[in-house]
Amino acid sequence: MTAIKRVVCLLDDEFEDLELWYPVYRLREDGAEVLYAGPEKGRKHLGKYGVPAVADLSYDDLDADRFDGLLVPGGWAPDKIRRDARVLDFTRRMNEAGKPIGQICHAGWVLVSAKILQGRTVTSTPGIRDDMENAGATWLDDAVVVDGNIVSARRPPDLPPYAKAFSDLLFGRR
């Protein structure tokens with residue numbers, strides 16, 4: 001019997017609703033357990049369009065040994081998330097372990113602040129292209145870019161190939 005894949009999705013207020021829910025539902029349909037982590041366990045966070053998500057875990061509970069993948073939704077939340085040292089440490093540890101990290105749109109800010117983009121090839125919303133390149137990444141204007149364990153996408157219209165690419169990487173179908 002195959003072990004269930006566990007993924008953590010980072011939360012804070014003003015996440016982009018579709019960029020959180022679409023990949024989460026896709027992964028759950030594929031059999032993954034997806035938990036939400038926020039600054040405080042049990043706290044409700046509202047997306048940009050008012051759809052709530054509740055943190056199952058606190059950032060204090062993040063342990064790279066307990067998770068198989070990391071999802072970072074876009075919106076304005078990544079600008080808050082990237083200021084938390086616990087998240088940056090967790091992101092670095094997930095990267096060092098070669099575990100899938102998915103980021104879409106503005107979520108690239110978390111990877112920039114975690115300093116894991118040097119020499120990597122990624123995409124994001126064009127609005128943070130300079131940030132990604134200044135962090136040492138090669139930026140492409142493609143719907144989805146997979147570079148090793150990092151899966152990146154530009155914006156909501158790219159959600160179908162992004163969620164598929166992340167799920168394929170997580171479940172070893174690549």
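W21 is buried, and Y36 is buried too. Buried here means under 20% relative accessible area, exposed means over 50%, and partly exposed lies in between (1.4 Å probe, protein chains only). The model is predicted: local features need pLDDT of at least 70, side-chain atom pairs count only at pLDDT 80 or more, and totals for chains, interfaces and linings use all residues. Residues are numbered from 1 along each chain as its sequence is written, and side-chain values use heavy atoms, with hydrogens and water left out.

Start with the rings. A search of the whole structure finds three aromatic pairs. Rings of Phe, Tyr and Trp (its six-membered ring) pair if their centres lie within 6.5 Å; planes under 30 degrees apart are stacked, over 60 edge-to-face, and the rest tilted. W21 and Y36 make an edge-to-face pair, with 5.9 Å centre to centre and 70° between the planes. W21 belongs to helix α1 and Y36 to strand β2, so the pair ties together parts that are 15 residues apart in sequence. Helices (H or I, at least four residues) and strands (E, at least two) are DSSP runs, numbered from the N terminus. Ring pairs also bring in Y25, linking W21, Y25 and Y36 into a cluster.

F67 and F90 form an edge-to-face pair as well, at 6.2 Å centre to centre and 90° between the planes. This pair links distant parts of the chain: F67 is in the loop between β5 and β6 (69-72), F90 is in helix α3 (residues 85-96), and 23 residues separate them. F67 and F90 are both buried.

β2 pairs with strand β1 (residues 6-10) in the parallel sense over five bridges; strands count as paired if DSSP finds at least two bridges between them. R6 stands opposite E33 in β2. From β1 the chain crosses through helix α1 (residues 17-29) to β2, and this β-α-β crossover is right-handed. That is, with the strands pointing away from the viewer, the path from the first strand over the helix to the second runs clockwise. β2 also runs parallel to strand β5 (residues 57-58), joined by two bridges. There, G38 has S58 as its bridge partner.

Next, the cysteines. The structure holds zero disulfides, a disulfide being a pair of cysteine sulfur atoms within 2.5 Å. The sulfur of C9 is 14 Å from the closest cysteine sulfur, in C105, too far for a bond. C9 is buried at 1% relative accessible area, and C105 is buried at 10%.

A search of the whole structure finds 17 salt bridges, each a side-chain nitrogen of Lys or Arg within 4 Å of a carboxyl oxygen of Asp or Glu. R173 forms one with D30, the closest N and O atoms being 3.4 Å apart. This pair spans 143 residues, from D30 in the loop between α1 and β2 to R173 in the segment after α6 (159-170). R173 is partly exposed at 44% relative accessibility, and D30 is partly exposed at 28%.

Within helix α6, D168 and K164 are four residues apart, about one helical turn. Their salt bridge has its closest N and O atoms 2.6 Å apart. D168 is buried at 11% relative accessibility, whereas K164 is partly exposed at 42%. Salt bridges with shared partners join R26, D30, K164, D168 and R173 into one network.
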